Every structure is written in structure tokens, then in C-alpha cells.
Amino acid sequence: MADWNYPLAKRKRRNPRDPCDGCHECGMRCTAGIQMAEDEFERIVEYLQKCDPNEARRVLEQSKTVQWFEDISYEACLFYDVTRRRCLVYPARPLICRLFGRVEWLPCPIGRKLPLLHNGIELIQTYARQRRATFGEWCVERGIFDPRNLIAAKPE
Ligand code: SF4
């Protein structure tokens, strides 16, 4: 798996002085159309197959239209759980989601000063050379027309 998939700043063993406390305000950026490289797509597929099927189905079947203000709504990412405000595939999420708050061009939306990746530019340049597509586009390429087909069968 390519190295850029797991930037150091997002690995499990976080710096305890990291000001990111998981408040999840960056979840408002979880909009539809996030692109990913092929191995990221495959990692998500693998993760979905191991998820609790009921939970995965609940999230995938939600309406993803989120009302922001009275007149403003947006379409959330397929994997964004709009009721519990979390990512269904968080451990397998693509690089762009991991970079939030960790590179100058994707700042923390509530202005927390988080430790930045020292090699963010190189990382994204390497990444940009990969072919990328949305999860739905990768699915269609492989003849998967409903992502729910990737979920393990419902327990009897
Ligand atoms: S994959 Fe997860 S973290 Fe990335 S945009 Fe979708 S819901 Fe958000």
C-alpha cells in the first residue's frame, strides 16, 4: 500500500498534546464527490465487508441531504452518518480526509492550531499522480451498481 495513505499525524499513537480532541467540526466538510485512489477504494471495500452489516446498511441508506441553514443544504459523503455525525469507514478513509487540519490548504474549520505535516506538499504531489475517482465511479467500473452489495449478508 502506498505510503501516503497513512500520514504520521493521523496514526493511532497521537501526540497527547495534539489540540485536536475529535470535536468533529470538520465533519461539515464530508461532502459528496470525495475522490480516492484505487487502493484507497479497495481498502474501503475491504473495511465495509467487515463492518457490522446493519450499521453499514443504516448509513448507506440515509438521505445524504443535510440542511445547513434555512435555505442552504448540501449533499454529504456516502459514508457520512448524518444522524450520529461520524464516518462509517473512518479507519479506512481516503488521504484527503486524513489531511484535514494537517496541511495549510485544508485548515481546521474552527481554527485550532494543529501540528502540520512537514511533507504535506510532497505527499499531495505524489498522490496527485495517482488516478482518482469517487467511490461510486470505482464501483461502476467494477460492475457494482449498488454499494450495499458490498456489505456482508444480513445475519439470519
Ligand atoms: S470518507 Fe469519511 S471522513 Fe471522508 S468525507 Fe466521507 S465521511 Fe468524511
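**View 1. Arg85, a partly exposed loop residue.** Arg85 has 14 C-beta neighbours inside 10 Å, so it counts as partly exposed. On the scale used here, 20 or more other C-beta atoms within 10 Å of a residue's own make it buried, 12 or fewer make it exposed, anything in between is partly exposed, and the C-beta atoms are placed from the backbone. Arg85 lies in the loop between strand 4 (80-81) and strand 5 (86-87). Its phi is positive, about 55 degrees, although Arg85 is not a glycine. Keep in mind that this is a predicted model: local features need pLDDT of at least 70, side-chain atom pairs count only at pLDDT 80 or more, and totals for chains, interfaces and linings use all residues. Residue numbers start from 1 along each chain as its sequence is written.

**View 2. His24, another non-glycine with positive phi.** For His24, phi is near 75 degrees. His24 sits in the segment before strand 1. His24 is exposed because it has 11 other C-beta atoms within 10 Å.

**View 3. The whole chain, for orientation.** The chain comes to five helices and six strands, taken as DSSP runs (H or I, at least four residues, for helices; E, at least two, for strands) and numbered from the N terminus. Reading from the N terminus, the order is β-α-α-β-β-β-β-α-α-β-α. Of the 156 residues in the chain, 19% are buried. Among contacts with a separation of 6 or more, 69% link residues 24 or more positions apart; a contact here means C-beta atoms, placed from the backbone, within 7 Å.

**View 4. Ala37 in strand 1.** Ala37 is found in strand 1 and counts as buried because 21 other C-beta atoms lie within 10 Å. Leaving out residues up to four places away in sequence, Ala37 touches Gln130, Arg131 and Arg132. Ala37 and Arg129 are 92 residues apart in sequence, with 9.6 Å from C-alpha to C-alpha.

View 5. Strand 2 (residues 65-69) pairs with strand 3 (residues 72-75) in the antiparallel sense, over four bridges; pairing takes at least two DSSP bridges between the strands. Thr65 stands opposite Glu75 in strand 3.

**View 6. The nonpolar cores.** The largest nonpolar core has 18 residues, and Ile44, Cys77, Phe79, Val89 and Phe135 have the most contacts inside it. A core, in this sense, is a set of buried Ala, Val, Leu, Ile, Met, Phe, Trp, Tyr and Cys residues joined through C-beta atoms within 7 Å. Helix 1 gives the largest share, three residues. A second, separate core has five residues, including Leu95, Cys97, Leu99 and Phe100.

**View 7. Around the ligand.** The residues around the ligand are Cys30, Ile34, Cys77, Phe79, Tyr80, Cys87, Val89, Arg93 and Cys97, each with its backbone-placed C-beta atom within 6 Å of the ligand. By class, this shell has eight nonpolar, no polar and one charged residues; the nonpolar class is Ala, Val, Leu, Ile, Met, Phe, Trp, Tyr, Cys and Pro, the charged class is Asp, Glu, Lys and Arg, and the others, Gly among them, are polar. Leaving aside neighbours within four places in sequence, Cys77 is in contact with Cys30, Thr31, Ala32 and Ile34.

Terms used. Two residues are in contact if their C-beta atoms, placed from the backbone, lie within 7 Å.
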